[in-house]
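Okay, everyone, thanks for coming. Let me put the structure up and then walk you through the spaces in it.

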Amino acid sequence: MTRDDGVRSAEEFANELPPRLAVIASRIAVEEKRILDELDRRRVPYHVLDPRTAVFRLDRPKAPWSVALAREVSHHRNLTVARVLEHAGVTVVNSAAAIALCGDKLLTTLTLQAAGLPVPRCLVTATPQAAVDALEDFGYPAVVKPLTGSWGRQVARLTDRDAAEAVLELREALPDPHQRITYVQEYVDKPGRDIRALVFGTEVIGAVYRVSDSWRTNTARDARTLPCPLTPELESLVTATAAAIGPGAYGVDVLEDRDGRLLVNEVNHTPQFRGAAEALDVNLAGRYVDYLVQQMVRN
Amino acid sequence: MATATCPSCESDVALDAASRQHEIVECADCRGELEILSLDPVLLALAPEVEEDWGE
């Protein structure tokens, strides 16, 4: 507010400055809406940067923001915008490196394994046919997954050689060579559920069970969420996973095998938390924004 | 509360006051996913189909 003596306040000047924060998103789903609502509530100005229409002149590598929150639903668009903004000096949450790593299941597995973290047994072949032969030794049942993708799409359980030949023959016919790289995991006989844990920075905010009658327990496939106790073992595993990937806000998917052993299945760089928010008594959007604001203060 | 016409089934779709540009809403009649292209005037379009690299 302008003072009586006509001198303008710092807040007034600040309001005229362009926002320091960009939110990279084309699709405003429940999570993005809650995050934007939380930013509004805290009066943190922001600009929504829609990657579908954004243009970046590489000969003018400047951006008006100091921090960007990457919430784009398309992995490749998210990664591209994060890379370009980082090149222009913007701190992106999560970083382009983290997006690239988590967006590729092979890189994720290699990174977690190198950090000594428990992951399902896995094999990778450059052609689907090579996987058919290798599965005899690897063992059935197994699960084939695309390197990039979410929500359980194009994930298939291979119960025996017949199933493997049928599914992998279809993968052989896919047009994109990237899709023919064949990533196979052992099938973990989990107890009708998996665990989604949310970790923002070094803090594990909470965890939920995702319960389903289907072996695919993705919330996008209508799995129900229930609170999952944060045991020291789970908390330590999730914290170590985030440390291996690098600083950021992640959704870590954990499988329990029949012996109760915890295995890190995947790490999500743009975590959805609608299901978790229904089960947990925590303002997840608020905690997400807490983490984001911490990064803004540092920058 | 603003209303707009569903581009798929032509039913009225009610938008709450806190709606945002590019928000995804569902038509109560045809269950189609719609994107709010603009708020003033209110303009809806069919939401883009899920692409292979979409996710989290």
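Predicted model: local features only at pLDDT ≥ 70, side-chain atom pairs only at ≥ 80, totals over all residues.

Residues are numbered from 1 along each chain as its sequence is written, chains are lettered from A and ligands numbered from 1 in the order in which they are written, and side-chain values use heavy atoms, leaving out hydrogens and water.

Now, the layout. Chain A splits into domain 1 (10–102), domain 2 (121–186) and domain 3 (193–295), with bounds from an automatic or database domain assignment. Chain B has zero helices and five strands; both kinds of element are DSSP runs, helices being H or I with at least four residues and strands E with at least two, numbered from the N terminus.

On to the pocket. On a 1 Å grid over the protein atoms alone, a pocket is an open set of points with protein on both sides within 12 Å along at least five of seven lines, a cavity is a set where a 1.4 Å probe fits but cannot get out, and lining residues have an atom within 4 Å of a point. Volumes are the space filled by probe spheres set on the points, which are joined across faces, edges and corners.

So where does the largest pocket lie? Domain 1 and domain 3 of chain A both give residues to its lining, so it lies between them. Its volume is about 1,000 Å³. Of its 38 lining residues, A:Arg27, A:Ala220, A:Gln272, A:Arg274 and B:Glu33 are the closest to the centre. By class, that lining has 14 nonpolar, seven polar and 17 charged.

Then the cavities: there are three of 30 Å³ or more. The largest holds about 330 Å³, and its lining draws at least three residues from each of domain 2 and domain 3 of chain A. Nearest its centre, among 28 lining residues, are A:Lys145, A:Val155, A:Asn218, A:Asn265 and A:Glu266. Here the classes are eight nonpolar, eight polar and 12 charged.

The second largest cavity has about 190 Å³, and its lining divides into six nonpolar, 12 polar and five charged. Strand β13(A) gives the most to that lining, four residues.

Methods
Nonpolar A, V, L, I, M, F, W, Y, C, P; charged D, E, K, R; others polar.
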